[in-house]
Amino acid sequence: MSLLNNTRKTESAPRPFALLTSADKTRYWKSLQEFADQEAFQAEAETEFAQTPLQIEADPSRRAFLKASGFTFAGAILTGCSQAPVHKAVPNLAQPEEMVPGRSLYYASTCNGCNASCGLLMKTRDGRPIKLEGNPLHPLSRGGLCAAGQASLLGLYDSHRLHHPLVRGMQATWEDADRAIGSQLETIRREGGPVRFWSTTVTSPAREAVIRRFLAQFKDGQLVEHDPLSSSAILDAHMLTHGARVLPGFHFEKAFVVASFDADFLGTWISPVQFSRAYMEARNPEMQKEAFSFHAQFESRLSLTGCKADSRTVVAPEQLRPWIAQLAALLSKKAGAVLPGPALPPPAHSMDALAEKLWTARGKSLVVCGLQDVHAQVLVNFINHTLGNYGTTLDLAHPSHQHRGSDAALQTLLEEIRSGKIAALFLHGVNPLAQMPRANELSVALKKLPLVVSFAERQDETAGAAHYVCPDHHPLESWSDAEPVSGAVSLSQPAIRPLAGTRPVVESLSTWSGLRVSAYEIVRRHWKEQVFPRQNAEPSFDVFWNKALHDGVAAVTARPAGARPFDSTPVAAALSQPVAGGGEFSLVLYPKVSMLDGRHAYNPWLHELPDPVSKAAWDNYACLSPAAAARLSLKEGDVVRVDAGADGSLDLPVLLQPGQHDNVVAVALGYGRKDSARFAEAGPRWLNWRKPVGENGLVGTNAAPLLRWQDRSLTYTRSAVRLTKTSRTHPLAITQSHHSLTVPKNLAPSSGSTRPIIQEAVLPAYLKDAAAGASHHEVPSQDLWPRDHANDGHRWAMAVDLNACTGCSACVVACQVENNIPVVGKDEMGRRREMHWIRIDRYYSGPPEDVSVAHQPMMCQQCEHAPCETVCPVLATVHSAEGLNQQIYNRCVGTRYCANNCPYKARRFNWFDYPHEDRLANLVLNPDVTVRSRGVMEKCTFCVQRIQEARIEAGNRGAPIADGVIQTACQQSCPTHAIVFGDIHDPGSRVSQLSRQGRAYRVLEEINVRPSVNYLRLVRNRPEKKSEGENHG
Amino acid sequence: MNSRIVTILLCTGLALSGILLALSLADFRLPGNQQGYEPPQPIAYSHRLHAGELQIPCLYCHSGAEKSRHAGIPAASVCMNCHRYVTAGYGAVRAEDEMAAKEKRSPRPIISDELRKLYQAVGLDDNLNPAPGKEPSPIAWTGVHKLPDFVYFDHRPHGKALVACQQCHGPVETMERMRQVPDLSMGWCVNCHRDANQKGIAGKAVKASLDCSACHF
């Protein structure tokens, strides 16, 4: 850890917490409260059900008691009298050939949750999609699908979607809208006025062709692409150094050394599912052994990627470019060249070590940078060029089309809009009034334009300012395609007939071009003319098309970027750029894995998903390091004003984030959206219900006004913001200390200490001994129960690789969709009543200013000696012959004894009948899983519905269930394949093999509950500790 | 004397109440028990005729039983496989033929009242040609065998284990109108599973699960 010790910039800052003593060196903690006072935290954690301050404590009076019993009696009589409802069974008139009621069909498609365009499998039942899964055939995502992608399914059944076009805010028919837009466009065509189509990067080649054909009708028609989470600087830097505005393909799987400067490539950067999978391929200790990759992260806030890093350096955002420059200088010296430009200060020792590692791994290393700073990106290109990474880990022959947006083009467009020069503006996939700084000015300017057409699916901020809103289909309703990386093309097909009177963008554009072509014809024709000729494996187009439609993807020849050899001229200019700075605090705006740029602000599943690092849900907040908060005497939940002078200010609640730079305040983008106004009444309305939204009536606060233009780039950092404490508070729903695993003192083994819940090893130790990092406790051998169960047949088990888990939380949403888990809302989450069956526990170790982070997916462990089963008075939770700990909802009477007795805190209680009134939203419910009602306990079942389906299908074929056929929902979507499910009685199954590995351990094994989940130890590529007494970090 | 009359009266009253109670208890059933449910259907379809007299296999119409959890109610297109040609009962056709022979004319096509409902549902006129302007509308049958929402019964393994359809659905081939024969309670299911595990089905040993999660999830 010498790399960190020498480079920490926060050493002089006051520390609110005492340094760890040597006795604590392996101590893990989940929250700062726990770090400060373990005893009190433990006592609190042992209480399964939080005591909320607002409980009704008054004794009921005699009168109230009689009233209540009277009502209960009357209610019982009334419910007893009800007649069984008559149930209608309505079969089809003509059964489609492949459709059998009650059977799921899977169709391949392309995800539209962000621009990464991962492969999808749409599970449809009786004609409606009910679950999105990853497509294993897709060359980039390879079966993974992130949280946002899976949750995008709910958008289809959103009753707030626009169901018809709007003409000046009023409901209209498509004929009216077409006539009005058509006549205006006719005038523009005659007069030659400028037409602009403002869109996020158009990843669909067919749509791009339609847009370009549409714009070609006008004398001055332009497509302006802009990504709300922009990578524009990378493309601009390649324009300077390689002569082509291109985003290279990144091959993390080929990189033995990865250095990332503020690029959150496992969380939100460009294509996280693809990168997570590739990154983990180079980090499998069993496969890679010595070649296990080394990852250094330089960042100012604690990102998901930083959590995985082997060496993490906290650097102020302004200082990142100088650090990159130093690395460039060191590497250029190693290459025998001198960097042009001014001399640099002597590098930190850690930089030397990193440069050495990178230089040794020439051609097999990768340096990435997430900064929106062209100069920094030029230096990164220089570094990668010096290391010979172009052509190996950086691919210009298969460039990425996931982010193509240009901030410079956007700035030109904004100037044109402000000056009112534009005759017609079309907006697709962008919401500038929520995503741009100075939105008020822009709103006024938009209203002055003669024609503004939005294709928004919902009436968002910008749709309100548009003259016409022509709502697009939901992606699950329409035909489209995608080419995220050159050469990998995929198709998108509808899974359901359109639910409302919407129309695909391509059909709208073709209508206004005087053609009336369906989206299907557009895509098919484009594939016939443009995609089919790019391959020669298949001579017949129909066969090629059908295969592509079946697989979802096709491989065609790539179109290289046309880059010229590296040109080092811009490097000198990049080195001589002055460093910004000043002021006590710098602001960093970042995306969260759930909300991303805010396009999913309508989605309750994503709001309810706790951020994997801060573990807060339903809000954005100002992240401050504990030291910074102490300096300003701020507590968690205090509202602080983040003041950026003339550009405005934001009032946000404070969240204490260990591992963050002491002079940085970090705020998530994508919140405070109009789409989230619907959550003002979210959650069960009971006596003590508290409003789940802020004073603005929205979820969180929109931080986009504080985005900053610099050198024609929209940057996410800003120096010199002032923080002032206000007198208000805003409680946050932080789930990090809910459901803490504790071993009560009287159950602890005789040695008095319990085994760590997280176990980890450093790579050198692991290579010497695969079981390194194990805690050597005796596994209890005594047994209260007779071993009289039949030991034949299946025994379902799971293995979770903590090393592969990035904490991305895709599994949490996958489980929520698969198992009909209700959304409880912020207020209930604050009362420890979240319903997620699988949670990502986040553990810190080390002091708060320099933390190491471990993520641990935690779900019901299906214990062999399940403590929950022995306390259930009605036998609602019992063991199955196949080792499952069954939960029988219809038998449960809700005593909650089981939850109280669960050492893993994996049981969830239905405190309410969570709302299922929205008939449209109910269509998303999985018909294979019971919707639980109030007063019932529930928990992870290892997706028993999938086990049953596989068993019955195998029985029908007369074959045993093959290993890997049953995939639990969490396993299916995991981008890094960290979760493996199977039969542990089959010695050849993957789960058996993993459970026998040296890294395998079971959480809380010492209390002898015999969990069925094996965790595989985390391995970090760090040097071995010199002596036992040395502090961690 | 008086007290004797009172005693007799009271005893008679008690006996009467006992009989009344016994009568009401005899008819007592658990909530949700729909044994004997025999609702009228939109089309008076006769299982006795189709399954009994004509011996059409159950799976011809309820083909889902092999492929899916639900056996399914056949789509109208399945009915039309035969009823494109069979438009009325045998008796009615025969009577028309005899009448035609008597009146020396060619027999007129006749359509039974019940089948006319089917043709209307699929949008055909009396000559079985597509009726212009007539929207096809699916037939809303009334479900007879309904399990609670928290029970996941699956037809596939039962068919595979050669459990006869009549085991759960009763003598369907004799029913003019579909009726629920067993009470479909959990005890009834579990008893059958236990029996099957002991005695096998059709001479073959089976392993019928007794786990809760076989049906509840």
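This is a predicted model: local features need pLDDT of at least 70, side-chain atom pairs count only at pLDDT 80 or more; totals for chains, interfaces and linings use all residues.
Local features are reported at pLDDT of at least 70 and side-chain atom pairs at pLDDT 80 or more, while totals for chains, interfaces and linings use all residues. Residues are numbered from 1 along each chain as its sequence is written, and chains are lettered from A in the order in which they are written.

**View 1. Helix 15 of chain A and the residue that follows.** Helix 15 covers residues 374-386 of chain A, where helices (H or I, at least four residues) and strands (E, at least two) are DSSP runs numbered from the N terminus. Just after helix 15, G388(A) takes a positive phi of about 70°.

**View 2. Domains 4 and 5 of chain A.** The division of chain A, whose bounds come from an automatic or database domain assignment, includes domain 4 (232-400) and domain 5 (587-734). The centres of these two domains, taken over C-alpha atoms, are separated by 29 Å. Their contact takes 16 residues from domain 4 and 22 residues from domain 5, two residues being in contact if their C-beta atoms, placed from the backbone, lie within 7 Å. On the side of domain 4 that touches domain 5, the elements giving two or more residues are helix 9 (232-242) and helix 12 (304-308) of chain A. The residues on that side of domain 4 divide into eight nonpolar, five polar and three charged, with Ala, Val, Leu, Ile, Met, Phe, Trp, Tyr, Cys and Pro counted as nonpolar, Asp, Glu, Lys and Arg as charged, and the others, Gly among them, as polar.

**View 3. An open sheet in chain A.** Three strands of chain A, in the order 1-34-35, form an open sheet with antiparallel pairing; two strands pair if DSSP finds at least two bridges between them. The edges are strand 1 (28-29) and strand 35 (852-858), each of which pairs on one side only. Strand 34 (residues 839-845) and strand 35 pair in the antiparallel sense over seven bridges, and the bridge partner of I840(A) in strand 35 is P857(A).

**View 4. Chain B.** Chain B holds ten helices and one strand. The radius of gyration of chain B, taken over C-alpha atoms, is 25 Å, well over the 17 Å that the globule rule (2.2 Å times the number of residues to the power 0.38) gives for 217 residues, so chain B is more spread out than a compact globule. Its C-alpha trace spans about 90 × 55 × 35 Å along the principal axes, and buried residues make up 13% of the 217 residues.

**View 5. Where chain A meets chain B.** Here 32 residues of chain A are in contact with 35 residues of chain B. Helix 30 of chain A gives the largest share of the chain A side, five residues, and this side divides into 17 nonpolar, twelve polar and three charged residues. Strand 2 of chain A and strand 1 (residues 141-142) of chain B run antiparallel and are joined by two bridges, with W141(B) as the bridge partner of A89(A).

Definitions and conventions. The expected span of a helix is 1.5 Å times one less than its number of residues. A residue is buried if 20 or more other C-beta atoms lie within 10 Å of its own, exposed if 12 or fewer, and partly exposed in between; C-beta atoms are placed from the backbone.
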